[in-house]
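Hi,

Here is the structure I promised to pass on to you.

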Amino acid sequence: MLTPAKGRRVTITGLGCHVPEQVMTNDDLAKIVDTSDEWISTRTGIRERRVAADDEAMSDLALPAARRALEMAGVDASTLDAVIVATITPDMTFPATAAIVADQLGARDAAAYDLSAGCTGFMYAVTQAYSMVAGGLADRVLVVGGDILTRVLDWSDRSTVVLFGDGAGAVVLEATDAGGFLGFELGADGAGGMELMLPGSGSRLFPNGEKFLTMNGREVFKFATRVMVSSAEAVLGVCGKTVDDIDLYVPHQANVRIIDHAAKKLGFPEEKVIVNVNRYGNTSSGSIPLALADAADSSRLQPGSLVLMTGMGAGLTWGSALIEWTHSTTGAVA
Ligand code: ACO
């Protein structure tokens, strides 16, 4: 799907994020599996990540993020028309984590559902929320993206355990008179889906009782470097913009090598690229909002900034959106 913005103008009026307290460094991981800070930081750029406590579930990360986003937007939860939670690690398959979050927020009039698009979930959910508001079906939609992937990792598998961390981010979408979203590009290639999957998590029975995330790292790396560039180019093209017009490039934070490759191919100078994978690892659907929060706090994301966001992940899926930022969003991490 490739489209410029249509209908009412829509923008992000609030941003909130939340990460678990526990920090796990590469040295901590080296005590659990056969790895080293040197290997992890040179191959991925990751130095530490947050890990949820045993009694923390996705809704526990989503709630503080959502409350902060609503507070920043000045929106009362009771006026929300929809709550979408993009996650592949919901509290449970049903009820939807979005319904749990909506109830705890007091969003009594909101439709509430979860959305599964791997690490691209946030981009997919933002696009859905956009279309509801642009088309007039809704006036205020809350989108939460996040995951507790550490819960579904095989903690004896060094090839995956070093890559992921836990975290969540939330945004409020509302209509606006000026600025806001300019266009979107979303895609999926189910043929490559088995390269990154969570067996035993649904109705398909797996013979060996497998239940941990599995990934063909090299194949996902090749896919990621390809779509991060093609998706960004497509959305820029459909919006009639070039890389020079963009103030900030906010890529999914999976691996600094993937980000560097995409930034170089697209032609972004280092100062326009947001990187925080070193502090959080790959937080899946939480990664883009957490990167936006960092950008705002370092004064690189301001009203008027033209921002390109691109995600990719399980599915295999990818997605980009271009937005002219309209609101001040500093202090998003709750
Ligand atoms: N510590 C030390 N050595 C390791 C580790 C580790 N943690 N992991 C793998 N190795 C070893 C391997 O066993 C291999 O050894 P060998 O050569 O003796 O066989 C060697 O390091 C090289 O392994 P590669 O897989 O070739 O390493 P590569 O440079 O490709 O990096 C990585 C692996 C980081 C996983 C990379 O392929 C990658 O980033 N892939 C993309 C991951 C990604 O973006 N995932 C997105 C997920 S999005 C979502 O929806 C969840």
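Helix H7 gives the shell around the ligand its largest share, four residues. Helices here are DSSP runs of H or I with at least four residues, strands are runs of E with at least two, and both are numbered from the N terminus. Please bear in mind that this is a predicted model, where local features need pLDDT of at least 70, side-chain atom pairs count only at pLDDT 80 or more, and totals for chains, interfaces and linings use all residues. Residues are numbered from 1 along each chain as its sequence is written, and side-chain values use heavy atoms, with hydrogens and water left out.

Now the ligand site. The ligand is surrounded by 26 residues, and the closest are Thr 35, Arg 43, Cys 119, Arg 218 and Asn 255; a residue counts if one of its heavy atoms lies within 4 Å of the molecule. By class, the shell holds 13 nonpolar, eight polar and five charged residues. Nonpolar covers Ala, Val, Leu, Ile, Met, Phe, Trp, Tyr, Cys and Pro, charged covers Asp, Glu, Lys and Arg, and the others, Gly among them, are polar.

The polar contacts (pairs of N or O atoms within 3.5 Å) may interest you:

- The side chain of Thr 35 has an N or O atom 2.6 Å from a nitrogen atom of the ligand.
- A backbone N or O atom of Ala 314 is 2.7 Å from an oxygen atom of the ligand.
- For Arg 257, a side-chain N or O atom lies 3.4 Å from a ligand oxygen atom.

Taken alone, the ligand exposes 1,000 Å², and the protein buries 77% of that (Shrake-Rupley areas with a 1.4 Å probe).

Eight bridges join the antiparallel strands E2 and E8 (166-175), and Gly 14 has Val 172 in E8 as its bridge partner.

Best wishes

Key. A polar contact is a pair of N or O atoms within 3.5 Å; within protein, one must be able to donate a hydrogen and the other to accept it, and residues adjacent in sequence count only if both atoms are side-chain atoms. Two strands pair if DSSP finds at least two bridges between them.
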